[in-house]
Every structure is written in C-alpha cells, then in structure tokens.
Amino acid sequence: MKKIPIIIDCDPGVDDSYALALANSYEGFEILAITAVEGNVPAAITRKNALCIREELGINCRVGFGAEKPLKKAYNQFAANTHGQSGVGSFVFDQPEMKPDEMPAWEIIYEEAVKHKGELLLFAVGPLTNIAICLEKHPDLPQLLKKFVIMGGGTFGNVSATNRTAEFNIWIDPHAARQVFEKMDVWMVGLNATHAAAVEMSDFDDMMAICGDNKKARFIRELSAFSKYNCVENGSDNNAIHDALAVASQMDETVVTFENLNVRVEDGDCENIGQTVIDREKEPNCHVAMAVDKAKFAEIMKNMCRYYAEK
Ligand code: BDR
Ligand code: CA
C-alpha cells in the first residue's frame with residue numbers, strides 16, 4: 001500500500017498529541033514532519049512537546065519550529081486549563097534529545113509540498129499562523145497539495161472576548177485564518193463535528209485498559225487518564241478529542257461527512273472576531289464537517305491504543 005505523505009502543523013496540546021499518535025499508528029500515512037505553532041501553550045512548550053512526542057512515539061520525521069506569536073494580535077490566551085501547564089496533561093517529558101530542523105515550519109511545509117507535488121496531505125490543528133506565513137512566502141502552496149484539512153471553526157464557538165461565537169484555533173489568529181480560508185481549499189473539521197464525536201468516559205476507561213501497563217503505550221494511557229479527569233472536572237460524561245477527529249476523517253471517509261458551504265472568517269475588530277461565518281446563500285468555498293459516526297471514531301481511538309499496546 002502506497003502511504004500518503006502527511007505533515008501535521010500543531011500546538012501540542014492534549015488532543016494534538018492524540019492526533020499525532022493516531023496518524024503514526026495508521027499504516028496508510030507517512031508522517032514527513034511535525035511543525036509547531038504557538039497556541040494551547042506558549043511556543044517554547046509546543047516546540048518542546050513536538051520534539052518529545054516524536055521521540056516518545058518513535059516517529060521518524062522532521063520537526064520544525066514555527067510562529068511564536070499570532071500575525072497581528074499582540075497577545076495570546078493560552079488553554080492550559082484544558083491541556084495542563086505542560087500542554088500534555090499530567091505527563092512529564094524530559095528534555096528532548098533531538099534537535100529541530102534548521103528550516104522554519106513554513107519552509108519545511110513548502111519544501112515537502114514541492115517534493116511530493118500533488119500528494120501531500122497537510123493537517124493544521126492549531127492556529128493557522130504557520131500556514132498563513134507559508135502562503136505569504138509561497139503563494140503556489142495550494143496547488144501543490146493533495147488536500148488541506150484543519151481542526152478549527154465550526155457552526156459554534158468555544159472562546160472569545162465577550163461571547164462564544166469563535167473557535168479557539170481561529171480566534172487566536174483570525175487574520176491568519178482569514179487569509180488561509182480565502183486562498184486555500186479548506187476541509188474544516190469544526191467544533192460541531194468534534195463535539196458530536198466526543199469520546200465517552202467509558203471509552204477512556206477502555207482505552208486505558210487496552211494500553212495496560214505497556215511501556216510503549218504509557219503516553220496514550222496518561223492522555224486517556226487526563227481526558228477522563230477532564231470529563232469529571234467539567235461534570236460531563238464525555239470529552240471532545242478535537243484534533244484527532246480531523247486525522248480520523250482522512251483515515252476512513254465514513255467517519256466524517258462534509259458539506260460544501262460558503263465560509264468566511266470574521267477578522268474585524270468586533271464582537272464575533274474569529275467566527276467562521278457560514279452562509280448557505282453564497283457560492284460554496286469550503287468543505288464543512290457536518291455529521292460524524294461517533295461510535296466509529298471511538299473504535300478508531302481504541303484501535304490506536306491496540307497499536308501502541310502491541311508494539
Ligand atoms: C482546538 O483548540 C485547542 O485547544 C485544541 O488543541 C484544538 O485544536 C479546539 O478548539
Ligand atoms: Ca490543537
């Protein structure tokens with residue numbers, strides 16, 4: 001089976017970690033690079049986590065460092081409440097042995113896109129700063145890709161200054177997101193999809209049981225324990241593993257159903273800055289995840305645990 005070359009641009013991040021682990025466990029993908037952007041936690045931590053996750057999971061790929069700040073916004077609001085201060089829940093990484101690539105994230109993405117012309121599947125599951133910079137420097141990026149899939153946006157939000165119309169990844173860098181949505185053919189796996197596919201507490205129990213005390217699966221077991229803890233903390237029976245759903249959507253096309261719709265990112269200085277505004281009256285310009293197979297996604301997550309437990 002010919003593997004699809006992929007790059008995951010991310011801000012690890014608990015669910016980013018699941019996404020990386022899931023992609024690595026899938027025989028149909030070859031991870032060429034992990035590129036880090038500031039987002040859930042400060043850039044210094046997403047960078048360290050990208051290197052450490054690569055080592056922990058034994059992924060043979062480049063790791064590139066990307067943007068340290070959004071394009072224009074003077075500040076970031078981190079999500080350590082959801083991801084822990086370390087960004088990876090309660091897991092503690094030692095210092096990584098591996099050094100990052102000498103090229104910045106956006107040059108790695110472009111170089112691999114040129115090298116694998118028309119074959120590269122690019123995921124972006126953090127703020128879109130690195131992708132916007134890549135587009136600015138290399139406007140032909142969109143034509144070089146096989147597909148561009150993001151976790152971000154959706155029909156409702158989870159953050160913003162005064163209301164919850166924006167989703168975190170888009171809200172952190174709405175100016176970057178606006179450019180990306182205008183210039184690229186985006187497959188958007190947003191909050192409406194990730195919440196509909198939220199993993200049940202009992203599934204996290206199953207995931208921990210599958211991982212057992214296998215050393216290779218210790219990271220996934222800790223992530224699952226943290227996700228279960230998040231359920232309890234939030235008084236909920238389930239927890240959305242946002243970024244992993246974006247990856248799963250490309251492993252099995254029956255997991256997520258996309259609809260072609262018109263999406264515009266609000267980047268004005270207004271209350272709903274960061275919102276992905278969907279307009280059904282306008283010409284479609286985006287593939288929007290609208291339905292999910294929740295049970296199938298949970299099974300995919302458990303199969304990932306089996307992969308690491310049996311390694
Ligand atoms: C998105 O924001 C981050 O906190 C997660 O990693 C995910 O990419 C969900 O809104
Ligand atoms: Ca993320």
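## A strand residue and the calcium site

Modeller: Happy to! Ile34 is part of strand β2, residues 29-36 (helices, H or I of at least four residues, and strands, E of at least two, are DSSP runs numbered from the N terminus). This is a predicted model, where local features need pLDDT of at least 70 and side-chain atom pairs pLDDT 80 or more, while totals for chains, interfaces and linings use all residues. Residues count from 1 along each chain as written, chains are lettered from A and ligands numbered from 1 in written order, and side-chain values use heavy atoms, without hydrogens or water.

Ile34 is buried, at 0% relative accessible area (buried is under 20%, exposed over 50%, partly exposed in between, with a 1.4 Å probe and protein chains only). Beyond residues up to four places away in sequence, Ile34 touches Ile8, Cys10, Leu20, Ala50, Arg54, Ile59, Cys61, Arg62, Val63 and Gly64 (contact means heavy atoms within 4.5 Å). Its C-alpha atom is 22 Å from that of Trp171, 137 residues away along the chain.

Now to the calcium ion (ligand 2): its protein donors are Asp11 (OD), Asp16 (OD), Asp16 (OD), Val125 (O) and Asp243 (OD), at 2.3 to 2.8 Å (donors are N, O and S atoms within 2.8 Å of the metal, 3.2 Å for Na, K and Ca; water is not among the atoms, so sites may look incomplete). Val125, in the loop between β4 (120-124) and α5 (129-137), and Asp243, in helix α12 (residues 242-251), link distant parts of the chain, 118 residues apart. Val125 is buried at 0%, and Asp243 is buried at 2%.
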